[in-house]
Structures are given as structure tokens and as C-alpha cells.
Amino acid sequence: MTGRANSIIIVGGGASGVVLAAHLLKSPNPDLRVTLIEKRPHFGQGMAYSTLLSAHVLNVSAAGMSAYADDPGNFWRWLLERGLATSEQAPVYAPRSVYARYLKELLDELEARERETGRLRLIREESLSISPTPSGVEVALANGTSVVAHLAVLATGHDEEPGAGQGHAIRMGSEADTPLDAEAPVLVLGTGLSMVDAFLSLEQRGHRGEITAVSRRGLLPSPHRKGNPIKLDVADIPLGTQLSYFVGWFRDLIRENQKAGIDWRDVVDGLRPFNQKIWQNWPTSAKRRFVEHTKAWWDIHRHRMAPEVYARVTEAVQAGRIRPVAGRVVAIAAGEAFAVEIQSRHTKRLETLEVARIYDCSGIARDISTTSNSVVRSLVDRGLAKPDPLRLGLDVTANCELIASDGTVSAKILAVGPLTRGTFFEIDAIPDIRVQCARLSKRLLG
Amino acid sequence: MLTKKGKYGLKALVHLARLPAGQLAFVGDIASGNNIPKKFLDAILGELRNAGFVQSRKGKDGGYRLARPADEIKVGHVVRVLDGPLAPIPCASRTQYQRCEDCNEATCQVRHLMLEVRQAIAEVLDQRSLAEMRDIAIDELPLALKVQA
């Protein structure tokens, strides 16, 4: 696709949309036209970086958060230049609102630079649907107009609404999240990083009641520690095996390194450059087993919290303010408050809990065919897109092209970021998204 | 550095890849058809089963078959399971590193180059499926005969 795809619409102007636009605009092509569409008032924030709470820090240290794949120090230099960090402080876990400012400034700079060339156009409006046309694509907007281009890239990120079957659960910070009595007990579905975010928000609001956090295994994320990832080559790593074989290999690798005095984090992080390759080479049966049995363990070791946040969470658990429970919610009765019945994973005993609020922090993955995003929904409804075999996101090729329900590959509608989780597995964080965007830009524009 | 174990394992898998989908082969037949000691082959197939490349059935009609279609199994993936990390010499591996008695690895240029060579090995072997390897022989046999003639 060289020379033809000069005009590209990016649907979704959150972090992945901005990162993709930045990589596309590196091309010297004077005929390039990039249109970035975002329904929120601000670009570059999306769900991940719209929080204003200073306790909501990035889960990746600043050294890993550059928007550019070929300039990994970009964000770190930006922090240093503005006096927001000093080099002795590293590793720094910056507030997410600071990261939103970084992306905003980056986009402002691009906008100023491209004003003369007309290569970048920003539209603040909700997108309703994408339709293929003989010459490209047409994106219909909520204001009744539409925009056309050679191709469109979906960068709509995480779903804004809780998944189906979460009953009365709401999202922290949504409209339904009205003021609560400071002593009111609450239930959080999930014990991962989103639960930690919810806890920090509640603290900020002066909430003091008990927070019961339920997940299948009740595992809390581990803390970051300053380290040095071990060096691995693809030639070292078993690929395409059954899951148990791979897990055995990885356990041995950690054990050997620990014997040599190396922290397990350095082994987990050393694998990171190969995670997508490992995932893509597994047979579907191994992927399915991983999602069902191993992912919860992987997540708490791989997706860690900043040390300061970990200290706060640990203190809260010890003080009984956060109560992690391994189990599942079997019934919720709504009245003045919610009566929630939870079955313990280990004892199978039922426990009934009265809570004033239920927050959905059960993870960002949900069945894409029930998405609240109208663009994605309409693509699935018309058969132009379908869920991947494990229903983690949309089915896309390794080149980010959408695969229709009849199996045909679209050359005109593509996707980046969390929507592509089924194919790219770890594609929620900037370090992975920027590599995906760099490769896609190179393929589209050379 | 492909060991005998790796070579035998690949030959056994090619043998299985030639069978109609789902059909089982006796270990004895694979061994005699490919000049592999049977005891050794038992051990090799056991490891390939643990890694999920072959399936076995016990009993009188028992035997082995591929666990997945031959075009989904990559040669490099099999070699890693049988021989460990792909490496042209034992010191050029990061996880199963074996020190050379006679040199200092930090300053050894040979090792440095061999670390690059292993990337090239991985690139070739990870691109080729069992089905492709099986078909090389069939495609090129007539050609080889023609050249001889």
C-alpha cells in the first residue's frame, strides 16, 4: 500500500490516537492528511490519563513512557526540562495528569508545525460509524456530517462502560458515582491496578469505610523495584509449545536467576520484548489456558505498582481498610443498600455483605460484541469486524487490519491499542503501543 | 549446533507429517524407517509430547501423531525443545550459557559474532514450518536426480 494511503482518519484521540498521529506525521510526505477525531473535550487523555488525582501515577516509570518508539528518552527529557523531575530521582512514577499534559503539548507542537502544511486536522466530535466506500472510508459523526479518507484506524481504547453481567457495578468517576457517606462500606470487583486506583480515589475523597475487593484469586499487584532487566534473545525462548511447558521453562529461568542473586522482576521484564512473539506463536489452546489459569498470576508480577502506592495499599490491607477476597459474587440484591453474596474460592462458604456502592474494576477486557462504543459496535453488527477467537478484542492481522466476520481482511479499516489485544496480547501500555504505531506508520507510509 | 537428538526428532516429525491427518504411527515404524535407535526415539517423542507438538495413544493400536497441523509447527520451535536455546557454540546462549575453559567471554570476539549468528539461525528456523521442511525433500529430489544425470 505505497503512495495511495495519503489520507488517514484516526478514530479516537486518546493516548494511542495521539501516539499514532505523531508517528504518521514523521513522514516527510507533503500530501499526507491525518484527521484525529475525539469526542472528549481534550485530546491525549482518553480514559487512562484523564484523572486529575496526583496519587494516580503511571504504572510504568518515566524512562519507559516516551511517545516515540525511536526516542525512548523523550518523556524523561520533557520532565527534566520542566523541572518536574531530577536525574537523581529515577525511577520516577509521574502522575497520569502530567502525562496527559505531555501528550497535549506534543499534539500542540504538531498542530503548530503542521498549520502551514495542512497535514493535521483535529475534530472534537463523536464518531458514529465507519463505512467502506469505493475509494476509501467514510466516518459519520454525531453532528450529522462525515469525513472521508483512504483509510481509518480505530484507536478507541478501553470501554467506558462496565461489562455486561456486572450487575449494579459502576465505574469510578462516572456520572453514577455520586457522593458517598464517608463510613459507607463499598465493594470493588477486581483486585488489580484498577482497584488500587479506586482505593486512591476513595482516600482522596475522605472515604473511610471498609473496601472489600473480590476477584477469583484475590491477588494484589506486586511493587516495582529499581532493577536491570536480564538480557534474552529470541533464540533462548521456547515458542509454540503448550502452556505448561513454557511455564515450566519460565519458572526454572526465574529460579536460576534468583540463585545468582537476580530479582524475579528483572526476569519478568527481560521477557517483555518477546511477549507478543510468545503469544502469537502459541496454539489457541495454550492462549486459552493462559487466559483462564495463568493470567491472574502473570498480571500481578508483570503489571506492578509504584513503590509509594504499594506502601499505601499494604498499610490499608493491614489496617483492615482494604479486604481482598478470593471468590466470586453469586448474588446481588438491591434495596436501600446492596446485599451481596460472595462465595469464597477456598472454603466455598457464602458470606453476605451490605455495601453502599459497587465499583467495577474487574479489568479492562470485555466481550467486544457488547461494547458501548458505537463505532466498534456498528462494525461488528455489520460483519465488518468480529471478536478474536478468545474474545479479548477485535480480530486483526499482525498488520493491524480488521478481519471481517466472513474472514476477509480489510485494507481500509485498521485498529491499534487495546482493541487489538487478541493478536498483540500486551498492548495496553505506551511502551507497546508506540512500537505498534511506529510499525504501522512505516508500513502505511514507508 | 543441531545434536543427534534434534535431528532425530525432526526426522520423526517429518515422518508423522507425511501421514494423513489424525493417523497414528508406531514408534517401531518411525525408528526403522529413519534409522533411529528405538529407545532414544521413545525419549525424544516423550519430550515432544510434553511440549505439545505430538500426541500419543497407548495400547495395541497406540502410537504417535502430530498434535497440530504440520504447517503450524515451526522447525525452530521444535529444535529449542530438544536441544535447548538455538546456539552455534555452547557459550553463545544467554540462558544455558556454558563457559569456555580456554577463553574470556567478555573479550572473546568469536562469542560476540556467534551471538549474531544465532539470531540468523532463529530467523531461518522460525520461518520454516514442518510442512515446508517435509516438502523440500519432495520438491528437490527430482531436481537432484536431474543434476546427477
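Visitor: What order do the strands of the open sheet in chain A have?
Guide: The order is β3-β2-β1-β7-β15-β14 in chain A, an open sheet of six strands with mixed pairing. Strands here are DSSP runs (E, at least two residues), as helices are (H or I, at least four), numbered from the N terminus. Two strands pair if DSSP finds at least two bridges between them. This is a predicted model, where local features need pLDDT of at least 70 and side-chain atom pairs count only at pLDDT 80 or more, while totals for chains, interfaces and linings use all residues. Residues are numbered from 1 along each chain as its sequence is written, with chains lettered from A and ligands numbered from 1 in the order in which they are written.

Visitor: Which are the edge strands?
Guide: β3 (120–124) and β14 (401–403) of chain A, each pairing on one side only. β14(A) pairs with β15 (residues 409–415) of chain A in the antiparallel sense over two bridges, and there A:Ile403 stands opposite A:Val409.

Visitor: And how do β1 and β2 of chain A run?
Guide: Parallel: five bridges join β1 (residues 7–11) to β2 in chain A. A:Ile10 stands opposite A:Leu36 in β2(A).

Visitor: Why is β2(A) largely enclosed by the rest of the structure?
Guide: Five of the six residues of β2(A) (residues 33–38) are buried, so the rest of the structure largely encloses this strand. Buried means 20 or more other C-beta atoms within 10 Å of the residue's own, exposed 12 or fewer, and partly exposed in between, with C-beta atoms placed from the backbone.

Visitor: Switching topic, how many residues of chain B are in contact with chain A?
Guide: 21 residues of chain B, in contact with 15 of chain A. Contact means that C-beta atoms, placed from the backbone, lie within 7 Å. On chain B's side, α5(B) gives the most, with five residues.

Visitor: Which residues of α4(B) meet α5(B)?
Guide: B:Val75, B:Gly76 and B:Val79, which meet B:Ala122, B:Leu125 and B:Asp126 in α5(B). The axes of these two helices come within 5 Å and cross at roughly 115°. Axes are lines fitted to C-alpha atoms, for helices over the stretch in contact, with angles from 0 to 180 degrees between N-to-C directions.

Visitor: What about α1(B) and α4(B), how do they cross?
Guide: At roughly 135°, with their axes coming within 9 Å. B:Lys5, B:Gly6, B:Gly9, B:Leu10 and B:Leu13 in α1(B) meet residues of α4(B), including B:Val75 and B:Leu82.

Notes. Two residues are in contact if their C-beta atoms, placed from the backbone, lie within 7 Å.
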